[in-house]
Amino acid sequence: MNLVTGETSDEYFGGDTPPAVRRLLEQAAAALPSEREALLWTAQVTAPECLAVYYLLYKFHAQQRQFELAERAARKGLAAAARQAGLPTDWSEACRQAWRSTRRGRRASGSSL
């Protein structure tokens, strides 16, 4: 369920959502904002690799104008996504690796910048 609009859906952003987490997210959607935060962070602890939880945490905290907490949730979500993709969790290192890979590919094909 979209916590802002109330629209329902069986799918959450970020792939599969374990049943226990799905129940917590459904409870969060129906809860008052004062109760929603605890339910969302409980879902994060329950399934730290579930990307949907980080997205919903980010949206909740941004909506509440709690920007430091929104950034914290977003960064945790990016780290979880990187682990799932087999990328470094340090985004500057991921960029360096991509740049080196691109350079190697250009050298092999005879291209240059």
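## An exposed arginine in a loop

Arg65 has a relative accessibility of 63%, so it counts as exposed. The model is predicted. Arg65 sits in the loop between α3 and α4 (67–85). Its backbone stands out too. Most residues other than glycine have a negative phi. Arg65 is not a glycine, yet its phi is positive, at about 65 degrees.

## The overall fold

The chain holds 5 helices and 0 strands. Read from the N terminus, the order of elements is α-α-α-α-α. The chain has 113 residues, and 29% of them count as buried.

## Helices α2 and α3

Two packed helices are described by the angle between their axes and the distance between the axes. Here, helix α2 covers residues 33–46 and helix α3 covers residues 51–63. Their axes come within 9 Å and cross at roughly 155 degrees. Angles over 145 degrees count as roughly antiparallel, and α2 and α3 are therefore roughly antiparallel to each other. Their crossing is left-handed.

The loop between α2 and α3 contains Glu49. With a relative accessible area of 36%, Glu49 is partly exposed. Glu49 and Ala81 are 32 residues apart along the chain, but 7.7 Å separates their C-alpha atoms.

## Salt bridges

The whole structure has 4 salt bridges. One of them joins the side chains of Glu71 and Arg75, at 2.8 Å from N to O. Both residues lie in helix α4, 4 residues apart, or about one turn of the helix. Glu71 is partly exposed at 41% relative accessibility. Arg75 is exposed, with a relative accessible area of 55%.

Glu93, Arg96 and Arg100 form a network of salt bridges. Arg96 pairs with Glu93, and their closest N and O atoms are 3.0 Å apart. Arg96 and Glu93 both belong to helix α5 and are 3 residues apart, about one turn of the helix. Arg100 also bridges to Glu93, with 3.2 Å between the closest N and O atoms. Glu93 is partly exposed at 22% relative accessibility. Arg96 is partly exposed as well, with a relative accessible area of 39%. Arg100 counts as partly exposed at 35%.

## A nonpolar patch

Leu78, Leu87 and Trp91 make a nonpolar surface patch of about 280 Å². Trp91 lies in helix α5, which spans residues 91–109. At 38% relative accessibility, Trp91 is partly exposed. Patch residues need over 30% relative accessible area, and Trp91 has 38%.

Key. Residues are numbered from 1 along each chain as its sequence is written. This is a predicted model: local features need pLDDT of at least 70, side-chain atom pairs count only at pLDDT 80 or more; totals for chains, interfaces and linings use all residues. Side-chain values use heavy atoms; hydrogens and water are left out. Patches are made of residues with over 30% relative accessible area and no salt bridge: like charges are joined within 9 Å, nonpolar side chains (Val, Leu, Ile, Met, Phe, Trp, Tyr) within 5 Å. Accessible areas come from the Shrake-Rupley method with a 1.4 Å probe; for residues, only the protein chains shown count as cover. Helices (H or I, at least four residues) and strands (E, at least two) are DSSP runs, numbered from the N terminus. Buried means under 20% relative accessible area, exposed over 50%, partly exposed in between (1.4 Å probe, protein chains only). Axes are lines fitted to C-alpha atoms, for helices over the stretch in contact, and angles run from 0 to 180 degrees between N-to-C directions. Angles under 35 degrees count as roughly parallel, over 145 as roughly antiparallel, 65 to 115 as roughly perpendicular and the rest as oblique. A crossing is left-handed if the near helix is turned anticlockwise from the far one by less than a right angle, and right-handed if clockwise.
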